[in-house]
Amino acid sequence: MSRPTVKAFFDNDTNTVSYVVTDPQTRHCAIVDSVLDYDPKAGRTHHDSARQIVAYVKQEGLTVDWLLETHVHADHLSAASYLRAELGGRIGISGRVMEVRCTLADRYGPFQQRPYDHLFATDEVFYIGPLRTQALAVPGHTPADIAYLVNDEVVFVGDTLFPPDVGTARCDFPG
(Lines give C-alpha, C1' and ligand atoms only; values in the text may rest on other atoms or scores of the structure.)
Protein backbone atom coordinates (compact mmCIF):
# COMPACT_ATOMS: atom_id res chain seq x y z
CA MET A 1 0.00 0.00 0.00
CA SER A 2 1.44 3.35 -0.98
CA ARG A 3 1.55 6.37 1.30
CA PRO A 4 -0.44 9.42 0.21
CA THR A 5 1.42 12.54 -0.82
CA VAL A 6 0.05 15.97 0.03
CA LYS A 7 0.62 19.29 -1.72
CA ALA A 8 -0.62 22.44 0.05
CA PHE A 9 -1.75 25.68 -1.61
CA PHE A 10 -2.03 28.74 0.64
CA ASP A 11 -4.42 31.57 -0.23
CA ASN A 12 -3.16 34.82 1.31
CA ASP A 13 -6.44 36.72 1.04
CA THR A 14 -8.43 34.21 3.10
CA ASN A 15 -5.62 32.48 5.04
CA THR A 16 -6.99 29.22 3.69
CA VAL A 17 -4.96 26.15 2.84
CA SER A 18 -6.22 23.93 0.02
CA TYR A 19 -4.72 20.50 -0.49
CA VAL A 20 -4.18 17.93 -3.21
CA VAL A 21 -3.79 14.44 -1.73
CA THR A 22 -2.49 11.86 -4.19
CA ASP A 23 -1.82 8.17 -4.44
CA PRO A 24 1.69 8.26 -5.99
CA GLN A 25 1.32 4.87 -7.69
CA THR A 26 -1.99 5.36 -9.53
CA ARG A 27 -1.81 9.20 -9.70
CA HIS A 28 -5.42 9.47 -8.46
CA CYS A 29 -6.09 12.43 -6.21
CA ALA A 30 -8.58 14.50 -4.26
CA ILE A 31 -8.65 18.27 -3.84
CA VAL A 32 -9.64 19.47 -0.36
CA ASP A 33 -11.15 22.90 0.48
CA SER A 34 -10.43 24.77 -2.74
CA VAL A 35 -10.73 28.58 -2.84
CA LEU A 36 -12.64 30.67 -5.38
CA ASP A 37 -11.14 34.16 -5.28
CA TYR A 38 -13.51 37.01 -4.53
CA ASP A 39 -12.96 40.74 -4.98
CA PRO A 40 -15.37 42.44 -2.55
CA LYS A 41 -14.78 45.89 -4.05
CA ALA A 42 -15.79 44.76 -7.52
CA GLY A 43 -18.22 42.08 -6.33
CA ARG A 44 -16.64 39.57 -8.70
CA THR A 45 -14.99 36.20 -8.50
CA HIS A 46 -11.90 35.00 -10.29
CA HIS A 47 -9.96 31.75 -10.46
CA ASP A 48 -6.31 32.60 -9.74
CA SER A 49 -6.04 30.28 -6.71
CA ALA A 50 -7.90 27.46 -8.45
CA ARG A 51 -5.77 27.83 -11.59
CA GLN A 52 -2.68 27.05 -9.48
CA ILE A 53 -4.28 23.76 -8.50
CA VAL A 54 -5.33 23.05 -12.11
CA ALA A 55 -1.75 23.67 -13.28
CA TYR A 56 -0.35 21.36 -10.59
CA VAL A 57 -2.82 18.55 -11.36
CA LYS A 58 -2.08 18.74 -15.09
CA GLN A 59 1.69 19.05 -14.61
CA GLU A 60 1.71 15.97 -12.36
CA GLY A 61 -0.62 14.00 -14.68
CA LEU A 62 -3.17 13.39 -11.92
CA THR A 63 -6.72 12.07 -12.17
CA VAL A 64 -9.14 13.87 -9.86
CA ASP A 65 -11.53 11.49 -8.13
CA TRP A 66 -12.92 13.87 -5.50
CA LEU A 67 -13.32 17.56 -4.68
CA LEU A 68 -13.85 17.46 -0.93
CA GLU A 69 -15.26 20.17 1.32
CA THR A 70 -14.74 19.95 5.07
CA HIS A 71 -17.64 22.35 5.68
CA VAL A 72 -19.58 25.25 4.20
CA HIS A 73 -17.15 28.14 4.29
CA ALA A 74 -18.18 31.59 5.47
CA ASP A 75 -14.71 33.09 5.03
CA HIS A 76 -14.24 32.11 1.39
CA LEU A 77 -16.06 30.65 -1.57
CA SER A 78 -15.42 27.15 -2.85
CA ALA A 79 -13.84 26.61 -6.27
CA ALA A 80 -15.06 23.00 -6.39
CA SER A 81 -17.59 23.60 -9.19
CA TYR A 82 -14.97 25.38 -11.29
CA LEU A 83 -12.43 22.61 -10.65
CA ARG A 84 -14.98 19.92 -11.50
CA ALA A 85 -15.57 21.63 -14.87
CA GLU A 86 -11.80 21.89 -15.49
CA LEU A 87 -10.58 18.57 -14.10
CA GLY A 88 -13.50 16.25 -13.39
CA GLY A 89 -14.16 14.53 -10.09
CA ARG A 90 -17.13 14.47 -7.74
CA ILE A 91 -17.89 17.12 -5.14
CA GLY A 92 -18.42 15.68 -1.67
CA ILE A 93 -19.41 17.17 1.69
CA SER A 94 -21.11 16.06 4.91
CA GLY A 95 -24.69 14.87 4.63
CA ARG A 96 -25.53 17.35 7.38
CA VAL A 97 -24.80 20.25 5.02
CA MET A 98 -28.51 20.80 4.47
CA GLU A 99 -28.86 21.84 8.14
CA VAL A 100 -26.28 24.56 7.57
CA ARG A 101 -27.85 25.62 4.30
CA CYS A 102 -31.24 25.98 6.02
CA THR A 103 -29.69 28.07 8.80
CA LEU A 104 -27.98 30.33 6.27
CA ALA A 105 -31.16 30.58 4.19
CA ASP A 106 -32.80 32.35 7.14
CA ARG A 107 -30.14 35.07 6.83
CA TYR A 108 -29.34 35.13 3.12
CA GLY A 109 -32.38 33.66 1.39
CA PRO A 110 -32.92 30.17 -0.01
CA PHE A 111 -30.18 28.43 -1.96
CA GLN A 112 -31.29 27.49 -5.45
CA GLN A 113 -28.46 25.20 -6.46
CA ARG A 114 -27.17 22.00 -4.95
CA PRO A 115 -23.59 21.78 -6.14
CA TYR A 116 -22.72 18.55 -4.34
CA ASP A 117 -22.45 15.19 -6.06
CA HIS A 118 -22.24 13.15 -2.86
CA LEU A 119 -23.30 13.73 0.74
CA PHE A 120 -21.15 11.67 3.10
CA ALA A 121 -22.61 9.78 6.05
CA THR A 122 -20.68 9.69 9.31
CA ASP A 123 -17.85 7.13 9.10
CA GLU A 124 -18.56 6.45 5.43
CA VAL A 125 -15.61 4.90 3.62
CA PHE A 126 -14.70 5.85 0.06
CA TYR A 127 -11.59 5.72 -2.09
CA ILE A 128 -9.15 8.10 -3.72
CA GLY A 129 -7.75 5.61 -6.22
CA PRO A 130 -6.73 2.81 -3.80
CA LEU A 131 -6.42 5.13 -0.78
CA ARG A 132 -9.01 4.18 1.81
CA THR A 133 -10.64 7.37 3.05
CA GLN A 134 -13.12 7.77 5.87
CA ALA A 135 -15.48 10.69 6.47
CA LEU A 136 -15.43 11.62 10.15
CA ALA A 137 -18.07 13.84 11.76
CA VAL A 138 -16.40 16.67 13.71
CA PRO A 139 -19.25 19.09 14.44
CA GLY A 140 -18.42 22.32 16.22
CA HIS A 141 -17.50 25.02 13.74
CA THR A 142 -20.69 24.00 11.94
CA PRO A 143 -22.96 21.02 12.61
CA ALA A 144 -21.79 19.65 9.26
CA ASP A 145 -18.01 19.83 9.75
CA ILE A 146 -16.35 16.70 8.48
CA ALA A 147 -12.76 15.48 8.48
CA TYR A 148 -11.24 13.10 5.97
CA LEU A 149 -8.90 10.37 7.20
CA VAL A 150 -6.77 9.01 4.35
CA ASN A 151 -5.13 5.57 4.77
CA ASP A 152 -5.09 6.06 8.56
CA GLU A 153 -2.09 8.37 7.94
CA VAL A 154 -3.31 11.82 6.96
CA VAL A 155 -6.35 13.71 8.20
CA PHE A 156 -7.84 16.89 6.73
CA VAL A 157 -9.72 18.71 9.48
CA GLY A 158 -10.83 21.97 7.87
CA ASP A 159 -11.64 24.49 10.60
CA THR A 160 -11.83 21.89 13.35
CA LEU A 161 -8.35 22.78 14.65
CA PHE A 162 -6.43 26.04 14.28
CA PRO A 163 -2.70 26.56 14.66
CA PRO A 164 -0.76 27.76 16.57
CA ASP A 165 -3.00 26.81 19.49
CA VAL A 166 -4.07 23.44 18.14
CA GLY A 167 -7.06 22.19 20.04
CA THR A 168 -9.32 25.20 19.68
CA ALA A 169 -11.86 25.73 16.97
CA ARG A 170 -14.28 28.43 16.05
CA CYS A 171 -17.86 27.76 17.01
CA ASP A 172 -19.27 31.10 15.84
CA PHE A 173 -20.99 29.89 12.69
CA PRO A 174 -24.77 30.56 12.69
CA GLY A 175 -26.63 27.69 14.35
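Reply: Gladly. This is a predicted model, and its largest nonpolar core has 22 residues, with Val-20, Ile-31 and Leu-83 making the most contacts inside it. Strand 3 (28–32), helix 1 (48–60), strand 6 (63–68), helix 2 (80–87) and strand 7 (90–94) are the elements that give two or more residues to this core. Helix 1 supplies the largest share, five residues.

Me: What makes a set of residues a nonpolar core?

Reply: The members must be buried residues of nonpolar type, joined through side-chain atoms within 4.5 Å. A second, separate core of 15 residues includes Val-21, Ile-128, Ile-146 and Tyr-148. As background, nonpolar side chains tend to be buried together in soluble globular proteins.

Me: Which residues does Leu-83 touch, leaving out those up to four places away in sequence?

Reply: Leu-83 touches Ile-31, Ser-34, Ala-50, Ile-53, Val-54, Leu-67 and Gly-88. To count as a contact, heavy atoms must lie within 4.5 Å.

Me: Let's turn to the sheet. What is the order of the six strands in the open sheet?

Reply: The order is 1-2-3-6-7-8, and the pairing is mixed. On average, neighbouring strands of this sheet are turned by 25° against each other, direction ignored.

Me: Why are strand 1 and strand 8 called edge strands?

Reply: Strand 1 (5–11) and strand 8 (118–120) each pair on one side only, and that makes them the edge strands.

Me: How do you know that strand 6 and strand 7 pair?

Reply: Two strands pair if there are at least two bridges between them. Three bridges join strand 6 to strand 7, and the two run parallel. Leu-68 stands opposite Gly-92 in strand 7. Strand 3 and strand 6 also run parallel, joined by five bridges, and His-28 has Thr-63 in strand 6 as its bridge partner.

Me: Why is strand 6 described as largely enclosed?

Reply: Five of the six residues of strand 6 are buried, so the rest of the structure largely encloses this strand. Buried here means under 20% relative accessible area.

Me: Which strands do the helices touch where they pack on the sheet?

Reply: Helix 1 touches strand 1, strand 2 (16–22), strand 3 and strand 6, and its direction makes about 155° with that of strand 1. Helix 2 touches strand 3, strand 6 and strand 7, and its direction makes about 170° with that of strand 6.

Me: What makes the pairing of the Asp-33 and Thr-70 side chains a polar contact?

Reply: A polar contact needs a pair of N or O atoms within 3.5 Å, with one able to donate a hydrogen and the other to accept it. The side chains of Asp-33 and Thr-70 make such a contact at 2.7 Å. The backbone oxygen of Asp-33 also lies 2.6 Å from a polar atom of the Ser-18 side chain.

Me: How do you know that strand 9 and strand 10 pair, and in which sense?

Reply: At least two bridges are needed, and strand 9 (residues 125–128) and strand 10 (residues 131–137) have four, in the antiparallel sense. Tyr-127 has Arg-132 in strand 10 as its bridge partner. These two strands form a hairpin with two residues between them, and Gly-129 in the turn has a positive phi of about 60°. Strand 10 also pairs with strand 11 (residues 146–150), antiparallel over five bridges, where Thr-133 has Val-150 as its bridge partner.

Me: Finally, how many helices and strands does the protein chain have?

Reply: The protein chain has three helices and 12 strands, and buried residues make up 43% of its 175 residues.

Note on methods
Residues numbered from 1 in each chain as written. Predicted model: local features only at pLDDT ≥ 70, side-chain atom pairs only at ≥ 80, totals over all residues. Heavy atoms only, no water. Buried < 20%, exposed > 50% of the residue type's maximum accessible area, 1.4 Å probe, protein only. Axes fitted to C-alpha atoms, helices over the stretch in contact; angles between N-to-C directions.
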